[in-house]
Amino acid sequence: MPLTIHHLGRSQSERIVWLAEELGIKYDFVFHKRDPIFSPQSIKDLHPSGTAPVIEDDNSPFTKTKVVLAESGAIIDYIIAAYGEGHLARTPKDGEEYIHFLEWYHWANASLQPALFRVLMTRRLTNDPEAMHVKMGNAKLECALSMIEARLGETGAYLVGNDVTAADIMAICTLTTMRGFCPIEFDELKHKNILAYVKRVGERPAYQKAMKICEGEDFVPILGAKAEQFVFPY
């Protein structure tokens, strides 16, 4: 099998497995358990970044040599170009959807995920809700959530339109699994579109299969308004 996906338990590398399942491509899967919270040496040995996801492609269609690649966005672009025949992406030929795809695809890691982790870090520093950095972190996250809530209200389905794209694959992890690290609660009225969105994704067979592959049969994805704090080691 030329393509290998390396997944760190309960991490954003679930995106790559979900992508592969949506595309219906063949791949080998390697699970790496956290040690006890951070990446184990087995991940660090694969790539200097020491983070997941990482893929290995033994015979890249682009270089005809082995490729080792990190970073979610780079890996998604690579797999779609190499094996996905362009599916789940948008191009200039798609007009307005291309513009929305560009923005939301990059927004997921550039704005949404940093906003969540900013709240995570401020909570580690203090429990005082009146602290300036806590207020700023909460405001940034609420801004991000209000943006995605409004966008989903416009489309009624996914970030780009009626069909799932790589923009959703990038964004959904922060709205689900990452909340196990920072248990924010969604308001059932204020975030009704987000809640409908994660439920919609959770019903997709490819997503369900990917989560079972990544975390096992007993893992329950965080698809509701409330989130429980992950406990490590697990």
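**Entry 1, F117.** I started with F117, which is partly exposed at a relative accessible area of 28%. The model is a predicted one, and I read every value with that in mind. I then looked up where F117 sits, and found F117 in helix α4, residues 96-125. Which distance separates F117 from C182 in space? From C-alpha to C-alpha I noted 7.5 Å, although the two residues are 65 apart in sequence.

I looked up the domain assignment. The chain is given domain 1 (3-84) and domain 2 (96-215). I noted 22 Å between the C-alpha centres of domain 1 and domain 2. How many residues does each domain bring to the contact? Domain 1 brings 21 residues and domain 2 brings 25 residues.

I wanted a figure for the interface. The size of an interface is often given as the accessible area lost when the parts come together. For domain 1 and domain 2 I wrote down about 1,900 Å². Carbon and sulfur atoms give 65% of this area.

I turned to the charged pairs. Across the interface of domain 1 and domain 2, I found two salt bridges listed. I also looked up the pair R204 and E22, which form a salt bridge. The closest N and O atoms of R204 and E22 are 2.7 Å apart. For polar contacts between domain 1 and domain 2, I logged a count of 11 residue pairs.

Which elements supply at least two residues each to the side of domain 1 that touches domain 2? I listed α1 (14-23), β2 (28-32) and α3 (72-83). Of the elements, α1 gives the most, with seven residues. I sorted the residues of this side by type: eight are nonpolar, six are polar and seven are charged.

I moved on to the backbone. Most residues other than glycine have a negative phi, and most peptide bonds are trans. I looked for exceptions. D35 and P36 are joined by a cis peptide bond, with omega about -20°. I placed P36 in the loop between β2 and α2 (41-44). A cis bond also runs from A52 to P53, with omega near 10°. I placed P53 in the loop between α2 and β3 (54-57).

I checked R10 and found phi near 50°, a positive value in a residue other than glycine. R10 lies in the loop between β1 (3-8) and α1. Is R10 buried or exposed? Its relative accessibility is 16%, under the 20% cut-off, so R10 counts as buried. I then checked L88, where phi is also positive, near 75°. L88 sits in the loop between α3 and α4. Its relative accessible area is 12%, again under 20%, so I logged L88 as buried.

Key:
Residues are numbered from 1 along each chain as its sequence is written. This is a predicted model: local features need pLDDT of at least 70, side-chain atom pairs count only at pLDDT 80 or more; totals for chains, interfaces and linings use all residues. Side-chain values use heavy atoms; hydrogens and water are left out. Domain bounds come from an automatic or database domain assignment. Contact means heavy atoms within 4.5 Å. Buried area is the accessible area (1.4 Å probe) that two parts lose on being put together, summed over both. A salt bridge is a side-chain nitrogen of Lys or Arg within 4 Å of a carboxyl oxygen of Asp or Glu. A polar contact is a pair of N or O atoms within 3.5 Å; within protein, one must be able to donate a hydrogen and the other to accept it, and residues adjacent in sequence count only if both atoms are side-chain atoms. Helices (H or I, at least four residues) and strands (E, at least two) are DSSP runs, numbered from the N terminus. Ala, Val, Leu, Ile, Met, Phe, Trp, Tyr, Cys and Pro count as nonpolar, Asp, Glu, Lys and Arg as charged, and the others, Gly among them, as polar. Buried means under 20% relative accessible area, exposed over 50%, partly exposed in between (1.4 Å probe, protein chains only).
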